[in-house]
Amino acid sequence: MMYMYKVRKTLIRILPLLGPAIFLFLLQGCSTQKDSFINRAFHQINAKYNGYFNAKEIYNESLKTLSEAHVDNYEDVLSVFRYGTEQDAASISGNMDVIYEKASLVIRRHSMDIRGEEHNKWIDETYYLIGRSHFFKHDFTLAILTFEYIIRQYDTRRSHDAKVWIAKSYHEQERYEQALRLLETLERRYRDGLLKDETVAMFRKAYADHFIRQDMYERAAAQLEAGLPYVKGRNERARLTFIQAQLYQHSGQFARAQETYERVLDMRASREMRFQARIGMAQAYDPSVGGSDFIRDELMDMLGQSRYEEFQDQIYYALAQLYMRQDDEESAIEHYLISTEVSRDNNLQKGLSFLRLGEIYFEQPDYEQANLYYDSANTFLPASYDEIEVVRERQQVLSGLAQLSEVIAVEDSLQHLASLSDDEQQAIVAEIIKDLEEQERQRQEAERQRQQEMREAGRMAREGQRGAGGSRQGGGWYFYNTSAMSNGEMEFFSNFGERPLEDLWRISNRQMAAADFGDFGEMESFDDLLAGEEDTLDLDEHDPETYLRNIPNSEEQMALSVERQVQAYFNKAMLFRDRLNDLENAIQSFTELVNNFDGSGKEMQAYYYLYHMHRETGNHAAAEQIKNTLLENYPDSEYAMIIGDPDYAENIRQRQNLANELYEQSYSAFFAGRYDIISQNRAALDTLEVERELKAKFSYLHAMALGKNDDHELFLTELQYVVDNYEGTPVHQPASVLLASLHEEQEERLAAAPEQVSRPERDPIESPYDYNPDAVHFFLLLVQTEHQDPARVSNAITSFNEEHFEEESLSVNNVYFEEGKQLLTITNFQNMESGLDYFLQWQEHEQLETVRSEHIEPFVISVNNYPTFYQDKKVEDYRVFFDYYYLGI
């Protein structure tokens with residue numbers, strides 16, 4: 001008791017003395033330029049347990065969110081890293097910003113960089129965290145710069161880790177050669193024993209990912225094999241082992257794949273992973289070694305177990321895949337169908353089953369059935385599915401084919417009705433409607449029966465038996481085919497609209513003429529093709545008027561009906577040829593066209609394509625017959641000249657090459673100030689047949705040359721010619737903007753002469769641009785469309801102008817500049833100074849703060865320099881000119 005009393009009394013005496021000491025400790029600890037134990041302790045403790053700790057917690061939680069959001073597609077090789085989709089990454093972008101802010105504050109307050117050496121051991125960790133925050137924000141360039149700084153500045157383990165993350169960033173940018181060089185460097189460091197176990201695990205995963213991205217599966221599997229001993233965590237080891245098994249399977253090493261899947265089963269992996277390993281073993285079956293009965297029995301046994309009930313769709317899919325490996329297509333189709341039937345909440349699996357069915361029918365080929373299954377696959381597969389664009393494109397092609405076939409059937413049926421009397425038409429339409437109603441009843445009954453058969457097939461499959469098959473319905477005449485009627489509302493694939501025909505033969509592997517021989521005809525857009533059929537396709541199919549009102553009873557209506565049918569045959573043939581690479585069906589469609597529609601206007605093109613396709617398929621006798629027909633019936637046509645004269649196409653190509661050379665020469669002459677050459681070449685161009693776009697570019701360049709020669713009237717005349725004659729070409733909009741500005745400049749100069757302004761003298765520098773401060777000026781904003789919406793910026797500028805520059809009547813124009821960039825042009829400013837005044841407003845006015853961005857670059861440019869800037873598109877050249885003459889930099 002006495003002892004405790006003395007201790008308490010002593011503390012009471014010394015505590016007042018400790019206060020100033022603690023204050024002095026903290027005061028000394030605040031210095032970042034004194035390397036003492038107290039300073040290091042203060043800044044290291046504060047760096048680690050304040051900002052860095054909080055930022056790291058947010059980082060860990062964000063990565064957990066990404067991992068949980070990640071959806072594995074077991075159809076493909078799983079991702080080595082569970083980083084989710086771009087949309088998932090966007091959901092944590094705000095967290096990455098917070099991490100950057102907190103970590104940057106740690107560096108500003110606690111970095112002890114004394115004479116180039118860092119004395120706070122947590123600063124490299126903080127930079128490392130910043131680099132990863134940039135990575136997960138998908139700002140890979142900033143991430144690389146941060147990691148490179150770590151490598152240069154810090155000789156710690158994080159310099160090796162930073163190299164791994166740079167390689168991962170290169171992967172995201174598809175810069176595989178640079179990534180490989182870094183990974184090879186890390187391989188040498190590993191052999192030298194310089195890498196920690198955690199770094200080795202991360203490095204091997206990145207190396208495997210490098211090879212997976214390039215479909216080098218064997219090499220990827222070897223990297224995982226080397227890295228697995230260093231990986232911590234049971235689930236992570238099981239996942240990487242599963243990926244290794246997939247890699248062996250995809251590289252055809254089926255025995256090793258099955259062995260590795262068995263290792264997954266022995267690793268106490270998650271329930272889903274063990275199930276997928278069993279499915280993987282079935283899919284890695286090698287027909288050459290047998291043993292399929294055992295695998296099938298095991299899958300059937302799984303169907304009978306309640307714990308696998310939620311996976312039945314995947315089991316049936318695996319069985320179908322097994323049958324496909326055995327070339328048993330019929331059984332495979334049956335089990336794919338059952339998979340779609342029993343699938344409930346797994347849209348990915350249902351979509352995959354429909355996709356495999358579509359692929360089977362596409363290869364047969366049965367395009368009608370393939371279209372139905374591809375349409376279903378497109379409906380159920382998620383947007384994140386790797387091959388979704390391929391699926392969508394093929395579905396659109398098949399849908400377009402279905403629509404073209406439908407148009408042919410529609411017109412054929414309507415033309416047949418037109419040949420009958422009114423009473424016969426009425427009677428047949430009544431019979432059609434009666435049959436449609438009966439078909440609808442039968443369809444409903446068939447659907448009920450199909451559902452029953454599918455359930456029965458499922459039960460029989462579990463017992464190893466084959467379920468009953470269904471029947472396919474079809475209709476010969478269009479109006480008896482309800483599926484064809486219902487397909488009428490689908491939109492034709494946009495690639496087949498308003499396309500110049502010459503693009504279709506400019507294909508080198510078909511060894512056809514590679515030149516533009518003029519406008520031989522266009523493939524009509526399907527919207528135009530169906531314009532006259534819209535009511536027929538959209539109205540009630542049980543209403544007699546749906547049929548009667550569209551029957552082509554007059555000669556004019558019949559001619560239009562035949563024209564639509566001819567165009568559908570032609571487009572169908574071209575689709576078979578160019579998009580499906582099905583020459584047999586293309587030949588059949590073109591042959592039907594020339595045999596059934598004499599005088600349609602499409603015979604020449606059809607004969608031309610038939611000639612080349614017969615040659616490609618080795619039917620030289622048919623090709624020679626087609627050639628003779630074309631030469632006999634159309635001897636003066638371009639097609640006959642191309643086929644009859646092997647040098648004809650080459651001569652055309654040479655003339656086109658000459659025209660291109662003249663333009664390139666003129667373009668160079670413009671920047672060299674040789675404007676007379678441009679006028680000479682323009683005259684030479686008039687003797688050649690060239691594309692409209694090239695003529696437009698030549699006329700615009702010629703106008704600019706006239707402007708450089710101070711021939712103002714001819715300059716305006718030539719610009720007006722471009723505006724009047726070349727709408728729709730790339731030069732039309734800049735020519736229009738420039739012409740309007742020149743007219744305004746004339747009006748302003750007539751109204752008042754510009755004030756004399758005192759300007760600093762500038763020594764001339766070499767530049768393609770002229771310094772003319774008294775000329776009318778534009779204010780430009782070069783907008784990177786990936787990061788900024790040009791329309792939003794334009795609206796903000798317009799509102800700002802209306803409020804602050806109402807009297808100046810400024811206008812805002814938005815033109816395409818180049819890929820990923822739009823050019824906003826604000827016009828007009830009386831001279832350089834007024835343009836720079838507006839430039840200053842852009843830089844400083846608070847009203848524009850919401851749209852100012854590092855992704856928008858502002859300039860002021862004179863009216864005479866604008867065409868050169870727009871045409872040349874060398875932004876750096878003008879930036880140098882602008883900084884020197886306008887900003888004095």
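Tutor: Let's start with the bridges: Val815 has Leu823 in S7 as its bridge partner, and the bridge partner of Tyr816 in that strand is Gln822. Asn814 stands opposite Leu824 in S7. These belong to the pairing of strand S6 (residues 811-818) with S7, an antiparallel pair joined by 7 bridges. Pairing here needs at least two DSSP bridges between two strands, and the elements themselves are DSSP runs numbered from the N terminus: helices are H or I with at least four residues, strands are E with at least two. Before going on, a word on the source: this is a predicted model, where local features need pLDDT of at least 70 and side-chain atom pairs count only at pLDDT 80 or more, while totals for chains, interfaces and linings use all residues. Numbering runs from 1 along each chain as its sequence is written, and side-chain values use heavy atoms, with hydrogens and water left out.

Back to the hairpin of S6 and S7: it has 2 residues between the strands, and Gly820 takes a positive phi near 85° there. S7 also pairs with strand S5 (residues 777-784), again antiparallel and with 7 bridges; Leu782 stands opposite Leu823 in S7.

Put together, you get an open sheet of 4 strands in the order S6-S7-S5-S8, with antiparallel pairing. S6 and strand S8 (856-862) are the edge strands, each pairing on one side only. On average, neighbouring strands are turned by 25° against each other, direction ignored; axes are lines fitted to C-alpha atoms, for helices over the stretch in contact, and angles run from 0 to 180 degrees between N-to-C directions.

Now the helices. Helix H36 (residues 790-804) packs on the sheet and touches S5, S6, S7 and S8, its direction making about 15° with that of S7; contact means heavy atoms within 4.5 Å. Helix H37 (residues 832-844) also packs on the sheet, touching S5, S7 and S8, at about 170° to the direction of S8.

So how enclosed is S7 (residues 821-829)? Of its 9 residues, 7 are buried, so the strand is largely enclosed by the rest of the structure. Buried means under 20% relative accessible area, exposed over 50%, partly exposed in between (1.4 Å probe, protein chains only).
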